[in-house]
Amino acid sequence: MSSTPYQVCSRCVMDTSDPQITFDAEGVCNHCHEFDTVTSKRWFPDEEGSRRLQDICEKIKKDGAGKDYDCIIGLSGGIDSSYLALKIRDYGLRPLVVHVDGGWNSELAVFNIEQIVKHCGYDLHTHVIDWEEMRDLQVAYLRSEIANQDVPQDHAFFASLYHFAVKNNIKYVISGGNIATESVFPRAWHHQAMDVDNLLDIHKKFGSIRLRNYPKIGIFQYYFYFPFIYKMKTVRPLNYMPYDKREALAYLKEHIGYKDYGRKHGESIFTKFFQNYYLPKKFGYDKRRPHLSSQILSKEITRSEALEALEQPLYDERELKDDIQYVAQKLQISSDELVRLSTGPGKDYSVYKNWDRKFAWIKKVQGLVESLRGGGIKNYS
């Protein structure tokens with residue numbers, strides 16, 4: 001247990017559950033300072049952002065002229081990606097929409113995706129991950145007892161998206177990532193989902209079948225081939241417009257009859273369980289804190305509203321009981337084992353093989369290339 005006294009930021013709601021958090025004399029945390037000095041400089045929720053986004057979209061359309069699609073977007077059925085799918089249509093983009101089904105879609109997610117695709121007239125490609133492989137990998141991750149249990153889903157999602165982009169000769173990936181709701185992210189809480197070395201070692205130690213069909217991306221593909229050889233660009237349009245999640249939800253309900261999940265990531269039953277039970281019980285991490293803190297910094301909500309939200313229980317007791325039974329049954333393990341793996345002491349990802357040394361080398365090479373070019377390498381908007 002840490003001997004650090006408990007403290008909550010006086011400006012946002014991040015606390016000492018982030019072991020790397022620091023506070024100034026006024027009790028304001030490093031996340032707030034990073035937002036002010038670094039992150040906010042990449043955020044344009046104003047007329048300048050509108051002009052920038054218009055220019056970006058014109059370039060995407062020009063580069064994609066004559067192709068079936070000029071960009072690709074992953075659609076989970078969540079608010080961010082759903083709202084973005086509607087908004088990029090207003091800019092005249094022609095996306096290939098990809099949905100990766102990892103086996104945990106709620107009925108509402110399927111409904112929302114169908115409504116969006118129908119409303120916009122998009123082509124949808126649904127990639128269904130081999131369930132036996134996904135199940136085996138997710139059980140392996142639970143038995144590894146590390147923090148980020150969403151890696152099997154997240155890695156498959158991004159790997160599938162990038163592979164489909166290359167297959168369809170698409171250079172632009174449209175991402176729902178955004179500063180308005182995701183600017184605060186404690187680095188100590190999770191390791192990167194794209195670390196395939198970590199993924200394969202965990203599966204080797206705890207898995208029982210071969211991953212023949214599960215989509216994967218290696219570090220050199222991710223950091224060299226896609227951005228520099230294939231010249232793929234990732235664009236985050238929500239950073240160039242005012243984005244308020246409550247207003248986005250109202251917009252989706254009005255235009256496509258979108259059905260609300262009631263909580264973040266309710267579109268995935270496993271992710272809901274992982275974020276609202278596994279993380280708080282095993283590691284003391286409440287994922288609401290960074291999300292609410294991001295919304296405070298973007299002035300979407302007040303700190304008082306965030307504190308009130310944190311007073312709400314993470315799970316309804318009956319719902320939790322049902323979800324434990326459902327998740328355990330789907331993963332073909334006992335409810336007792338699922339609870340035990342979700343509540344015992346956690347482990348750090350670094351006890352397993354990982355790409356940290358390769359990553360440090362790549363960042364060193366990147367820095368050298370940037371110094372020779374006289375500027376940063378920009379593959380993300």
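User: What does contact mean when I read this structure?

Analyst: Contact means heavy atoms within 4.5 Å. The model here is a predicted one. Leu 331 is a case to start with: leaving aside residues up to four places away in sequence, Leu 331 touches Trp 104, Trp 131, Arg 135, Gln 138, Val 139, Leu 142 and Phe 270.

User: Which residues touch the most other members of the largest nonpolar core?

Analyst: That core has 76 residues, and Ile 174, Leu 331 and Leu 338 touch the most other members. The element that gives the most to this core is helix 11 (residues 269–283), with 7 residues. Another core, of 36 residues, lies apart from it; Ile 129, Ile 146, Phe 164 and Ala 165 are among its members.

User: Now the charged residues. How many salt bridges does the structure hold?

Analyst: The general idea is that side chains of opposite charge can pair when their charged atoms come close. In this structure there are 21 salt bridges. One of them joins the side chains of Arg 246 and Glu 305, at 3.7 Å from N to O.

User: Where in the chain do Arg 246 and Glu 305 lie?

Analyst: Arg 246 is in helix 10 (residues 245–256) and Glu 305 is in helix 13 (residues 303–310). The two are 59 residues apart, and the pair links distant parts of the chain. Arg 246 has a relative accessible area of 47% and is partly exposed. Glu 305 is also partly exposed, at 34%.

User: Is Lys 272 buried or exposed?

Analyst: The cut-off matters here: buried means under 20% relative accessible area. Lys 272 has 11% relative accessibility, so Lys 272 counts as buried. Its salt-bridge partner is Glu 319, with 2.9 Å from N to O. Glu 319 is partly exposed, with a relative accessible area of 25%.

User: What does the pair of Lys 272 and Glu 319 tie together?

Analyst: Lys 272 lies in helix 11 and Glu 319 in helix 14 (residues 317–331), so the pair ties together parts that are 47 residues apart in sequence.

User: What separates Arg 340 and Glu 337 in helix 15?

Analyst: Arg 340 and Glu 337 are 3 residues apart in helix 15 (residues 335–343), so about one helical turn separates them. They form a salt bridge in which the closest N and O atoms are 3.9 Å apart. Glu 337 counts as buried, at 17% relative accessibility.

User: Which residues are linked with Glu 337 in a network of salt bridges?

Analyst: The network links Glu 337 with Arg 143 and Arg 340.

Notes. Residues are numbered from 1 along each chain as its sequence is written. This is a predicted model: local features need pLDDT of at least 70, side-chain atom pairs count only at pLDDT 80 or more; totals for chains, interfaces and linings use all residues. Side-chain values use heavy atoms; hydrogens and water are left out. A nonpolar core is a set of buried Ala, Val, Leu, Ile, Met, Phe, Trp, Tyr and Cys residues joined through side-chain atoms within 4.5 Å. Buried means under 20% relative accessible area, exposed over 50%, partly exposed in between (1.4 Å probe, protein chains only). Helices (H or I, at least four residues) and strands (E, at least two) are DSSP runs, numbered from the N terminus. A salt bridge is a side-chain nitrogen of Lys or Arg within 4 Å of a carboxyl oxygen of Asp or Glu.
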